[in-house]
Amino acid sequence: MTNQVDLIVDQIGQLCTIPAHEHGPQRGAKLGDLGIRENAAIAVTGGKIVAIGRRDTILEEYAAETRVTARGKVVTPGFVDPHTHLVWMGDRADEFEMRAKGATYSEIMAAGGGINRTVRQTRSASLLGLMEATKARLDRMLEYGTTTVEIKTGYGLDLSTELAMLSAIALLDAEHPIDLVPTFLGAHAVPPEYASQPDQYVEFLIQHVLPAVVAWKQEHWPGVLYCDAFCENGAFTLDQTRRIFDAARSFGLPLRLHADEFESLGGTALAVEMGARSVDHLLATTPEDAARLGASDTVAILLPATPFGLNITNTAPIKLLLAHNAAIALATDCNPGTAWCESTQMVLALATRTLKLTTAQALAATTINAAYALDKGDQVGSLEVGKQADLVIWDIPDFRHLGYRFGANLVSTVIKRGSVVFEQNLNT
Ligand SMILES: [Zn+2]
């Protein structure tokens with residue numbers, strides 16, 4: 001007897017299922033378990049995976065109206081990108097030119113550049129304009145194999161623009177195939193109107209913006225909403241970060257943190273102590289903090305496109321993190337200042353070089369571990385029965401090509417919740 005399903009993905013030469021480990025991320029020495037099956041097929045119904053197995057068995061047991069063939073190539077879960085700043089207006093291409101000619105960050109700031117320039121442009125944009133600019137970036141991400149994306153606010157830094165950014169994320173989540181996860185990052189930078197009063201800005205965030213964000217969530221967002229902060233010299237101190245985190249936690253918002261990008265201020269220890277879901281950047285992380293991360297459930301999100309975008313050679317202490325059994329994930333950090341990069345393929349290729357991860361480790365860090373970093377490990381990030389059918393058919397004969405090759409889009413087909421949402425125009 002055959003069971004009728006919506007879709008069968010057939011003729012998968014190499015299927016990377018990338019399983020969760022004990023209902024959690026792949027950690028330490030166990031990072032890189034791809035759960036490979038050959039000559040496989042996947043049956044999908046109602047947007048979810050109902051069976052995975054050898055293709056002859058699947059074709060015996062299931063029949064589908066739609067059959068997509070992988071033509072003997074590689075299939076993986078769709079990428080999960082757990083750290084982006086995708087909603088913004090304008091660009092900073094001229095600052096990139098200034099940097100190439102030797103200008104320092106403070107010179108660029110003095111010339112009116114930096115985050116606050118994007119803040120000015122984002123504040124003056126309409127909601128529709130913001131959505132249109134963001135949609136173009138999401139389309140590119142989908143074409144490059146990403147099916148779940150976290151997006152932070154933090155280019156408004158006032159009440160109305162921060163809420164507009166959240167609205168843009170919620171509206172795009174409803175209309176775009178990619179699933180979105182919002183994060184409130186009011187503590188991204190001190191806005192110009194509070195330039196000499198950072199503590200007053202933190203009070204403004206805690207007294208006025210956070211309560212409004214929580215009220216917005218109650219009305220418009222049934223899913224998880226995180227609170228993030230940028231703990232760094234020139235952004236927010238450890239004490240200011242703690243105040244913001246205390247307030248966020250009193251409202252029930254789970255935490256994430258930008259820490260140790262340039263200097264270690266103690267943000268990682270604070271985030272681990274407060275049970276943050278992730279600590280991100282980690283270029284200047286101390287050995288003690290690497291051990292703290294390893295002993296915790298906080299995911300270490302590494303962003304190798306950012307030092308590449310800044311043309312600096314700093315890297316996260318990857319060996320220590322893995323030796324301490326930390327859960328590692330990778331993300332694009334896509335933003336207009338340091339890393340305008342929508343491609344997780346590029347991040348994966350960088351991670352296999354600058355972080356010296358194997359392609360298998362980097363693949364687990366961009367799928368199952370990234371899903372756990374967004375509390376979505378039970379829904380996406382691996383190809384297992386009961387999970388969402390979010391997957392990519394790659395135009396490559398072996399998964400190792402994902403680390404080996406770079407700069408070209410290797411995607412053949414993207415399937416989201418069991419529907420084909422992108423197909424590359426291949427002459428094969
Ligand atoms: Zn960031």
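What spacing do the donors of the zinc ion follow along the chain? The pattern is H-x1-H-x172-H-x74-D. The model is predicted.

## Zinc site

Four residues coordinate the zinc ion: His-83, His-85 and His-258, each through NE2, and Asp-333 through OD. The coordinating distances run from 2.0 to 2.7 Å. The angles subtended by the four donor atoms span 79 to 166°, so the arrangement is irregular.

His-258 and Asp-333 link distant parts of the chain. His-258 sits in strand β10 (residues 256-259). Asp-333 belongs to the loop between β13 (328-330) and α13 (344-351). The two are 75 residues apart. Both His-258 and Asp-333 are buried.

Glu-162 lies in helix α6 (residues 159-175). Glu-162 is buried but has no salt bridge. Its nearest side chain of opposite charge is Arg-123, 7.6 Å away.

The side chain of Glu-162 does make a polar contact, at 2.5 Å, with the side chain of Thr-153. Leaving aside residues up to four places away in sequence, Glu-162 touches several others, including Gly-154, Tyr-155, Phe-184 and Leu-185.

## The loop between β1 and β2

Gly-28 is found in the loop between β1 (3-16) and β2 (36-45). Its relative accessible area is 1%, so Gly-28 is buried. Beyond residues up to four places away in sequence, Gly-28 touches Leu-322, Asn-325 and Ala-326. Arg-67 is 39 residues from Gly-28 in sequence and 38 Å away in space, C-alpha to C-alpha.

Arg-27 forms a salt bridge with Asp-297, with the closest N and O atoms 3.8 Å apart. This pair links distant parts of the chain: Arg-27 is in the loop between β1 and β2, and Asp-297 is in the loop between α10 (287-294) and β12 (299-302), 270 residues apart. Asp-297 is exposed at 61% relative accessible area, whereas Arg-27 is buried at 18%.

## Other salt bridges

The structure holds 25 salt bridges. One of them joins Asp-375 and Arg-277, with the closest N and O atoms 2.7 Å apart. Asp-375 lies in the loop between α15 (368-373) and β14 (391-394), and Arg-277 in the loop between α9 (267-273) and β11 (278-281), so the pair ties together parts 98 residues apart in sequence. Asp-375 is partly exposed at 34%; Arg-277 is buried at 18%.

Arg-54 and Asp-56 also meet through their side chains, at 3.8 Å, N to O. Arg-54 is partly exposed, with a relative accessible area of 47%. Asp-56 counts as partly exposed at 44%. A network of salt bridges links Arg-92, Asp-94, Glu-95 and Arg-117.

Note on methods. Residues numbered from 1 in each chain as written. Predicted model: local features only at pLDDT ≥ 70, side-chain atom pairs only at ≥ 80, totals over all residues. Heavy atoms only, no water. Helix = DSSP H or I, 4+ residues; strand = E, 2+ residues; numbered from the N terminus. Buried < 20%, exposed > 50% of the residue type's maximum accessible area, 1.4 Å probe, protein only. Contact = heavy atoms within 4.5 Å. Donors = N, O, S within 2.8 Å, 3.2 Å for Na, K, Ca; no water. Tetrahedral: all angles 85-135°; square planar, octahedral: opposite > 155°, others 65-115°. Lys, Arg positive; Asp, Glu negative; His and termini not counted. Salt bridge = Lys/Arg side-chain N within 4 Å of Asp/Glu carboxyl O. Polar contact = N/O pair within 3.5 Å; in protein donor to acceptor, adjacent residues only side chain to side chain.
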